[in-house]
Amino acid sequence: MRQHSLQHDSEGRLHHLLTIEGLKRQQIVDILDTAESFIPVSDRQVRKVPLLRGKTVVNLFFEASTRTLTTFELAAKRLSADVLKININTSATVKGESLLDMLHNLEAMQCDMFVVRHADSGAAHLIARHVAPHVSVINAGDGSHAHPTQALLDMFTIRRHKGEFAPLTVAIVGDIKHSRVARSLIHALTTLGVSELRVVAPKTLIPAAVESLGVQVVHDLDAGLRDADVVIMLRLQKERMQGAMLPSEAEYFSTYGLTEEKLALAKPDAIVMHPGPINRGVEIASSVADGPQSVILEQVSNGIAVRMAVMSMTLGRAPAEGESA
Amino acid sequence: MPEPVTEQDTIEQLIQQMADDLRARLEAARMRDALMVGIHTGGLWVAERLHTLLGFEQPLGELDISFYRDDFSRIGMNPQVRPSRLPVSVDERHIVLVDDILHTGRTIRAAMNELFDYGRPAAITLVVLGERSGRELPIQADVVGRHFDLGEHEHVKLSGPEPLELSVVEAP
C-alpha cells in the first residue's frame, strides 16, 4: 500500500487525511495554525464562514460515534458546506450493494468529501484509492489503525496549554494495543519532537515492537506518570478485546487507573486528556476527569476547529494539473 | 473627492490628513464610540496609526478576510490566516473600516460580509490610504489619502510596518 503518498497531491499538498504517518512537521503545524484561526468563529453571532459553500460533505459512519460524528458535522456546517449523513445500518450495503458501488453513486451526486469511520483498519485508504480525483477522504477512525483528527486536536490542545512541544514529557496510559488514537498520537508527538514519550500499560495491552516508533515502554504507572507534563488516558476498548487480557475492571483501576493521588506524581501543572468516551472508575477517577487539571471537554470543542482546518485545507487546494475543480 | 497629494508628502502626513478628515466626518455625523477595524495586513498598519492619532476609546479590531474571499476555489486556502479579532460587539455600533489600497472592491465586500457575521453594525465608514482605478463592484471610500492614476499593468503596493512606504510597481 502506498499510504504515505496517497494522501498528498502531486504538489505535496494534503488531498486526503488518512494517517498522521508521513505528515511533515510543518504540515502538522500548518493545520494547527489554521485551526487556531477558526477558534474565534465559534464566539461570533453567526458561527459560520462561507469557505465551503456549495460543497457537499458525506459522513460515512460504519461504526458508532457521537463526539467525532457530531464535531465533523458541526465543522462542515460552520464552513457552510452541505452535510449528508449516511446511516449505514439502513443503507443499501445491507441490501448487498458493495461499498464501492455506493461510493460511486454518491460521487455521481456530486459529493466532494467523504468522512469515513470504519471498524476495519485500512477502510479509509481503500476508499481514497477508488474515489474520483476531486473527492477528498478524511479518516475518522479505522479499526485499530489510525484516528488522525483526534491526534491533531490533541496536539492543538497541548499546544494551547504548553506552547512548545520540545521540552515536554508526555505519558499515554492504557490500552495502547487496541487504540487507533494511541498510534496516531505517537506519530504526531514524535514528529513534533517531544523530549520524552512514554506508553504506560500492562504487557498484554502493549503492541509488539512499539519501541521502534520512538517511545519508552513503562509498565509501572507511578514511574510512567512521574514529572509528566501531559497525561493522556485511553479508554479500555472492551469491544476490541478477545479472550482474557485483563483480570477485572476493578483490578485494572487499582493498578492503572488515574486517581488524584497518582496524578500528584506528575508535574503540578500537568494536563489530563482523554479522547472519550470515558469509563469512569475504570481508567480514570471521576474526581480527575472533572478536576481542575482535566482538559477533556476542551478537547471536544477544539475538535471542531481542527476538523474545520483539515476540511478547508483538503478541499481548498487550488486545483492541480489534470484535476477537475 | 480629495485633491491628489503631491509627491513630497510623506505617508505620515497623508495619514494625519486622513485622521483630520475622519474626525470631522465622525463629529458631523455625531458618531460616537465607533469601533475602528483594520484589514490584514496593510490596512491594519494604517489603522494602528489612525487609531492612535484619533485616540479611539475602543481597542482596535482586526479582520483577516481569507475565509470570505470569493476566489477560494480558484486560489485555495492561505495557510497563514491570522484570526480576526473584534474586541466589542458590532451590533448597532459605528464601524470605521480601514484598508490600504482600494482597487477592485472585492476585499471590502468580503470584509463587510464578515462584519455582518459578527452582528448588525449601525453604519460603516470606509477609510483607505490609497485608491486606484479598476473597481469591479459599486464600492467607494469615504476617506481617501491619495488617488492613483495607474496604467493597466501597474499596481500600488504598501510595505511596512516601519516605515510605511507606497510604491507603484509593474505587474508581472
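The C-alpha centres of domain 1 and domain 2 of chain A lie 25 Å apart. Domain 1 covers 3-146 + 302-315, and domain 2 covers 148-300; the bounds come from an automatic or database domain assignment. The contact between them takes 27 residues from domain 1 of chain A and 23 residues from domain 2 of chain A. Two residues are in contact if their C-beta atoms, placed from the backbone, lie within 7 Å. On the domain 1 side, α2, α3 (67-78), β4 (136-142) and α12 of chain A each supply at least two residues. By class, that side has 13 nonpolar, nine polar and five charged residues. Here Ala, Val, Leu, Ile, Met, Phe, Trp, Tyr, Cys and Pro count as nonpolar, Asp, Glu, Lys and Arg as charged, and the others, Gly among them, as polar.

This is a predicted model: local features need pLDDT of at least 70, side-chain atom pairs count only at pLDDT 80 or more, and totals for chains, interfaces and linings use all residues. Residues are numbered from 1 along each chain as its sequence is written, while chains are lettered from A and ligands numbered from 1 in the order in which they are written.

How confident is the prediction for chain A, by mean pLDDT? The mean is 90, and 92% of the residues of chain A reach 70 or more; pLDDT is the predictor's confidence in each residue, from 0 to 100. Over residues 321-325 of chain A the pLDDT is below 50. That stretch has seven contacts in the model beyond near neighbours in sequence. Where pLDDT is low, the predicted coordinates should not be read in detail.

Now the whole of chain A. There are 12 helices and nine strands. Both are DSSP runs, numbered from the N terminus: helices are H or I of at least four residues, strands E of at least two. The C-alpha atoms fill a box of roughly 55 × 45 × 40 Å, taken along the principal axes. The radius of gyration of chain A is 20 Å, which agrees with the value near 20 Å for a compact globule of 325 residues. This radius is taken over C-alpha atoms, and the globule rule is 2.2 Å times the number of residues to the power 0.38. Of the 325 residues, 46% count as buried. Buried means 20 or more other C-beta atoms within 10 Å of a residue's own, exposed 12 or fewer, and partly exposed in between, with C-beta atoms placed from the backbone. Among contacts between residues at least 6 apart in sequence, 76% join residues at least 24 apart.

Chain B comes next. 20 residues of chain A are in contact with 17 residues of chain B. On the chain A side, α2 (25-38) and α12 (296-315) give two or more residues. α2(A) gives the most, with five residues.

The largest nonpolar core has 140 residues. Such a core is a set of buried Ala, Val, Leu, Ile, Met, Phe, Trp, Tyr and Cys residues joined through C-beta atoms within 7 Å. Its largest share, 10 residues, comes from α12(A). The core draws at least three residues from each of domain 1 and domain 2 of chain A. Those with the most contacts inside it are A:Ile172, A:Val173, A:Val231 and B:Val127. Because B:Leu26 has 17 C-beta neighbours inside 10 Å, it counts as partly exposed. B:Leu26 touches B:Met31 and B:Ala34, not counting residues up to four places away in sequence.
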